[in-house]
Amino acid sequence: MSTQQSSTAAPALTHRQLAIFRAIMQHGNLSRAAEVTASSQPTLSRELARLEYLLGFDLFDRVRGRLRPTVRALALMQEVERSFVGLDQIAARAQELRTLSTGRLRLACLPALAQAFVPSALVAFTQALPQAAVSIFPEESPWLEQAMSEQRFDLGLSETLQAPIGVTLRPLLQVNEVAVVPRGHALARFAALTPQHFEGERFVSLAAGDSYRQAIDQMFAQAEVTRTMVLETVSAAAVCALVRQGLGVAIVNPLTALALAGPDLLVRPLSVSIPFHVSLLLPELAAPHPLRDTLVVAMTDTAVKMSGASLDNSAA
């Protein structure tokens with residue numbers, strides 16, 4: 001490192017330096033960070049070195065040509081995420097406030113919820129406000145939570161149970177994971193399924209890194225049940241599509257399962273509870289959209305109806 005700055009004086013940081021640091025943290029390398037900041041790698045290297053000099057400590061370890069954030073960099077990133085608001089975002093919010101109720105309400109949600117929960121909530125919302133405009137942005141975690149921390153959406157729907165920085169979290173819905181089986185399958189004759197029912201069955205799984213996949217695998221491990229693991233995919237909707245074709249059985253969230261249930265895809269409750277959570281995320285720093293509360297009410301009512309719905313009605 002170069003000569004350290006005085007420990008008593010706060011470093012004079014610029015918006016551009018923080019933007020560069022944030023881009024490098026988000027993308028993990030100078031090449032991609034240079035693209036998103038409309039700069040060059042040599043420029044970013046110089047700016048990063050200058051930032052580290054001003055801070056008085058290293059932000060990254062250089063390992064085999066790659067940048068690995070230090071513990072201090074990770075801590076600094078939390079503060080940057082809490083306060084960083086780009087000029088483009090400010091301009092967009094100003095436009096929304098200028099148009100007030102005619103401004104388009106921006107909703108971020110997990111792809112599964114865009115397919116199985118949001119449409120039902122928007123029915124009630126549209127009945128209350130027929131002329132209201134809503135943009136729906138399906139986003140995967142952790143990008144969804146990061147975007148909410150950056151105040152880029154008016155509200156969000158996620159499976160997280162921890163509030164992102166700068167966001168208020170409200171529990172919205174808790175239901176249990178369910179089994180899905182194809183028409184004519186031997187398991188279809190049971191009203192409910194235990195882990196033992198899946199012994200030796202061809203099983204369609206969510207991706208290995210999915211938290212629900214991990215909970216499902218743990219359930220079968222505790223029950224000492226062995227499945228034939230043939231296929232895996234990243235979304236519950238894709239899992240259901242594979243099951244519908246007779247390629248196996250699966251366990252997915254009940255919102256997607258019931259939305260896609262039909263003659264070729266049957267839904268059965270499980271004897272073991274695997275909770276599926278939906279949380280409402282509300283930005284704390286951005287001014288609330290004038291129509292946000294109306295949509296929140298519609299979502300809350302929809303969640304109550306879904307939590308009270310009987311799976312038996314869909315398990316024909």
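This is a predicted model: local features need pLDDT of at least 70, side-chain atom pairs count only at pLDDT 80 or more; totals for chains, interfaces and linings use all residues.

Visitor: How many helices and strands does the protein have?

Guide: Helices (H or I, at least four residues) and strands (E, at least two) are DSSP runs, numbered from the N terminus. The protein has 12 helices and 12 strands. Of its 316 residues, 42% are buried, where buried means under 20% relative accessible area with a 1.4 Å probe, protein chains only.

Visitor: How does one describe two packed helices?

Guide: One gives the angle between their axes and the distance between the axes. Axes are lines fitted to C-alpha atoms, for helices over the stretch in contact, and angles run from 0 to 180 degrees between N-to-C directions. Here, the axes of H1 (residues 15–27) and H3 (residues 41–55) come within 10 Å and cross at roughly 110°. The two helices are therefore roughly perpendicular to each other, a term for angles of 65 to 115 degrees.

Visitor: Which residues of H1 and H3 meet?

Guide: Contact means heavy atoms within 4.5 Å. On the H1 side, Arg-16, Gln-17, Ile-20, Phe-21 and Ile-24 take part, and they meet H3 residues including Leu-44, Glu-47, Leu-48 and Leu-51.

Visitor: How is a pair of strands read, and where is there a hairpin?

Guide: Two strands pair if DSSP finds at least two bridges between them. S1 (residues 60–63) and S2 (residues 66–69) pair in the antiparallel sense over four bridges, and Asp-61 has Arg-68 in S2 as its bridge partner. These strands form a hairpin with two residues between them, and Arg-64 in the turn has a positive phi of about 50°.

Visitor: What is the strand order in the sheet of five strands?

Guide: This open sheet has the order S4-S3-S5-S12-S6, with mixed pairing. S4 (134–138) and S6 (167–176) stand at the edges, each with a single partner strand, so one side of each has no neighbour in the sheet. Neighbouring strands are turned by 20° against each other on average, direction ignored. Within the sheet, S5 (residues 155–158) and S12 (residues 275–283) run antiparallel, joined by three bridges, and Leu-157 stands opposite Leu-280 in S12. Helix H7 (residues 118–128) packs on the sheet and touches S3 (105–109), S4 and S5. Helix H12 (residues 292–308) also packs on this sheet, and its direction makes about 20° with that of S6.

Visitor: Which strands form the open sheet of three?

Guide: Its order is S10-S7-S11, and the pairing is antiparallel. S7 (residues 178–182) and S10 pair over three bridges, with Ile-251 in S10 as the bridge partner of Ala-179.

Visitor: Which residues touch the most other members of the largest nonpolar core?

Guide: A nonpolar core is a set of buried Ala, Val, Leu, Ile, Met, Phe, Trp, Tyr and Cys residues joined through side-chain atoms within 4.5 Å. The largest has 48 residues, and those touching the most other members are Leu-113, Phe-117, Leu-155, Leu-157, Val-180 and Met-299. Apart from it lies another core, of 20 residues, among them Met-25, Phe-60, Leu-67 and Met-77.

Technical notes. Residues are numbered from 1 along each chain as its sequence is written. Side-chain values use heavy atoms; hydrogens and water are left out. Angles under 35 degrees count as roughly parallel, over 145 as roughly antiparallel, 65 to 115 as roughly perpendicular and the rest as oblique. Buried means under 20% relative accessible area, exposed over 50%, partly exposed in between (1.4 Å probe, protein chains only).
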